[in-house]
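Colleague: I would like to learn how to read a protein model step by step, beginning with the overall make-up and then moving to the details. Could you guide me through this one?

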Amino acid sequence: MIDMLAVPHAGGVEELTAAGVLRAIRERRLVEERAAADQLVLAAQWADLHPPESIHHAASFTVPGCEHEEPIAGEGTPLVAEFCVAELGSVLGVSTVSAKRLIGHALELRHRLPRLWAQVHAGRVPAWRAQAVAEVTIHATPSLTVQAAAYVDAQVAAVAGRIGPAQLDRLVAETIKRFDLAAPDPASDPEDGYLDDDPRHATLHDQHVHFAGTMRFEAELDLADALDLDRALAHGAATLAALGSPEPLDARRAAALGDLARTQTALDLHHQGTRTTTATRTDDGLPVAREVVLHAHLDATICDTTVFGPTGRLEEGQRLVLLDQVKDWCADSRTKVTIRPVIDLNAHLTAPGYAIPDRIREQVVLRDRTCVFPWCTRPARGCDIDHVTEFDHDAAADGRPQPGPTATQNLAALCRSHHRLKTHTAWRYATTAPGTFEWTSPHGHRYRRDPTGTTRIDEAETAAPPGIPHPRRP
């Protein structure tokens with residue numbers, strides 16, 4: 001049985017009748033939709049305040065890595081200064097990518113879907129539904145012209161935005177055909193289309209992980225390959241059943257597919273000169289199926305615990321995994337297990353020059369896990385390692401102490417986008433503890449980023465400004 005947490009009753013709610021509860025929750029929903037519509041207005045205004053002309057760089061030259069104009073919506077919408085997006089995202093408590101999407105939706109609706117924009121602010125269409133339409137028209141392939149977007153706007157507005165994803169996809173496809181936007185597609189001819197269009201693929205959908213620790217794998221195979229694979233899976237499932245597996249057929253077929261990956265015997269065609277690579281082969285000469293790299297840490301506080309028991313952290317995707325799953329991965333005879341040297345994430349490692357040695361880089365990657373910019377989740381493994389306080393290349397020659405040493409406490413993982421932001425804008429940050437950073441935005445907003453995530457610092461809660469003007473109907 002799951003124990004219910006004792007929480008105080010909201011003031012007066014327990015006195016409401018059933019009709020009163022329905023009326024109150026409907027009122028809250030209307031307030032929520034009004035606020036979402038206002039956010040779109042404010043996001044568009046933020047874009048208006050940061051046109052490309054606001055970028056203060058000489059037009060006669062460009063600085064590598066400097067700010068540029070950012071197209072974030074369809075044809076006919078204004079460009080936006082690139083670096084303004086991050087501050088809006090930090091104030092909203094979302095990533096820069098999410099803030100960019102919000103601004104894009106606002107501009108797309110205001111400039112290319114004006115009827116839908118007006119319906120949102122008249123309260124006839126929820127903002128989330130209008131944003132779903134904007135997302136499709138922004139990313140339609142091929143791109144929609146201004147006239148084509150206006151056609152979609154007219155059709156959607158006619159039904160007050162009540163259109164589902166499938167209907168919207170059909171409408172966009174009809175629009176592309178009506179406005180003759182698509183390039184000729186030789187593959188559309190069933191007689192000879194296969195000569196130009198190869199549908200084969202094998203795709204791992206790694207963005208969605210089931211709580212049971214599974215992922216979806218989708219493939220389109222050659223007919224003969226598909227039949228051979230089906231027979232191999234049927235044989236593997238039957239073998240597992242004969243060995244006593246109690247799992248259902250589909251689970252045994254899935255396990256058999258994993259077994260195929262670990263025991264494949266295809267020729268290794270990778271050579272170095274005349275020598276065949278053997279570094280990734282087991283004693284029986286077959287290729288290694290998987291490599292599990294385990295990182296051990298001295299600081300037990302880094303470990304994660306859940307109601308399911310001891311857990312580890314999968315670096316790819318920053319997902320929690322049960323230690324029992326890791327044991328299963330390592331137990332297979334064709335798994336290459338690598339134990340990395342124990343790294344104390346609190347140790348202060350230093351190097352004499354500007355270059356960052358591999359051991360220090362690895363420590364920073366494991367400590368930070370992701371880019372340390374507020375609410376950014378890009379994996380640290382693919383990030384730049386930044387000197388928090390800038391390294392002074394002339395300090396040694398001038399006999400001065402180095403203000404920005406290459407040391408653990410002065411290094412942080414920053415994705416390339418936020419590294420450029422820190423270098424070329426007024427965003428600043430400082431290290432307050434190992435793996436903990438305090439950021440200050442150009443407008444003075446402050447944030448703390450530590451291994452648990454991002455929090456705001458000393459932010460005064462203020463009410464939303466009243467009377468945000470509604471846009472006039474076009």
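Modeller: The secondary structure of the protein chain comes to 12 helices and 19 strands, and please keep in mind throughout that this is a predicted model. Of the 474 residues in the chain, 33% count as buried.

Colleague: How much of the contacts with a separation of 6 or more do residues 24 or more positions apart account for?

Modeller: In the protein chain, residues 24 or more positions apart account for 57% of those contacts.

Colleague: What does Ile103 touch, leaving out residues up to four places away in sequence?

Modeller: With those neighbours left out, Ile103 touches Ala43, Trp46, Ala47, Ile72, Val85 and Leu88.

Colleague: Why is H2 described as largely enclosed by the rest of the structure?

Modeller: Seven of the nine residues of H2 are buried, and therefore the helix is largely enclosed by the rest of the structure. Those buried residues are Cys84, Val85, Ala86, Glu87, Leu88, Gly89 and Ser90, and they pack against H1, strand S2 (80-81), H3, H12, strand S18 (446-450) and strand S19 (453-456). After H2 comes Gly93, whose phi is positive, near 75°.

Colleague: Which residues of helix H12 are buried, and what covers them?

Modeller: In H12, which spans residues 416-424, the buried residues are His418, His419, Arg420, Leu421 and Lys422. What covers them includes helices H2 (84-92) and H3 (96-112), together with strands S13 (384-387), S15 (411-414), S16 (428-433) and S17 (436-440).

Colleague: Is Ala430 buried, exposed or partly exposed?

Modeller: Ala430 has its place in strand S16, and because its relative accessibility is 38%, it counts as partly exposed, given that buried means under 20% and exposed over 50%. Not counting residues up to four places away in sequence, Ala430 touches Val388, Thr436, Phe437 and Glu438. Ala430 and Thr440 are 10 residues apart in sequence, and their C-alpha atoms are 9.0 Å apart in space.

Colleague: How many aromatic pairs does the structure hold, and which residues do ring pairs link into a cluster?

Modeller: The structure holds nine aromatic pairs, and ring pairs link Phe373, Trp375, Trp427, Tyr429, Phe437, Trp439 and Tyr447 into a cluster.

Colleague: How many cavities of 30 Å³ or more does the structure hold, and which residues line the largest cavity?

Modeller: Rolling a probe the size of a water molecule over the atoms shows where empty space is left. This structure holds one cavity of 30 Å³ or more, and the largest cavity has a volume of about 40 Å³. Lining the largest cavity are Leu345, Asn346, Ala347, His348, Arg367, Thr408, Gln409 and Pro434, which divide into three nonpolar, four polar and one charged.

Definitions and conventions: Residues numbered from 1 in each chain as written. Predicted model: local features only at pLDDT ≥ 70, side-chain atom pairs only at ≥ 80, totals over all residues. Heavy atoms only, no water. Phe/Tyr/Trp six-rings, centres within 6.5 Å; stacked < 30°, edge-to-face > 60°. 1 Å grid on protein atoms, 1.4 Å probe; cavity = no way out; pocket = protein on both sides within 12 Å on 5 of 7 lines; lining within 4 Å. Points joined across faces, edges and corners; volume = space filled by probe spheres on them. Nonpolar A, V, L, I, M, F, W, Y, C, P; charged D, E, K, R; others polar. Buried < 20%, exposed > 50% of the residue type's maximum accessible area, 1.4 Å probe, protein only. Helix = DSSP H or I, 4+ residues; strand = E, 2+ residues; numbered from the N terminus. Contact = heavy atoms within 4.5 Å.
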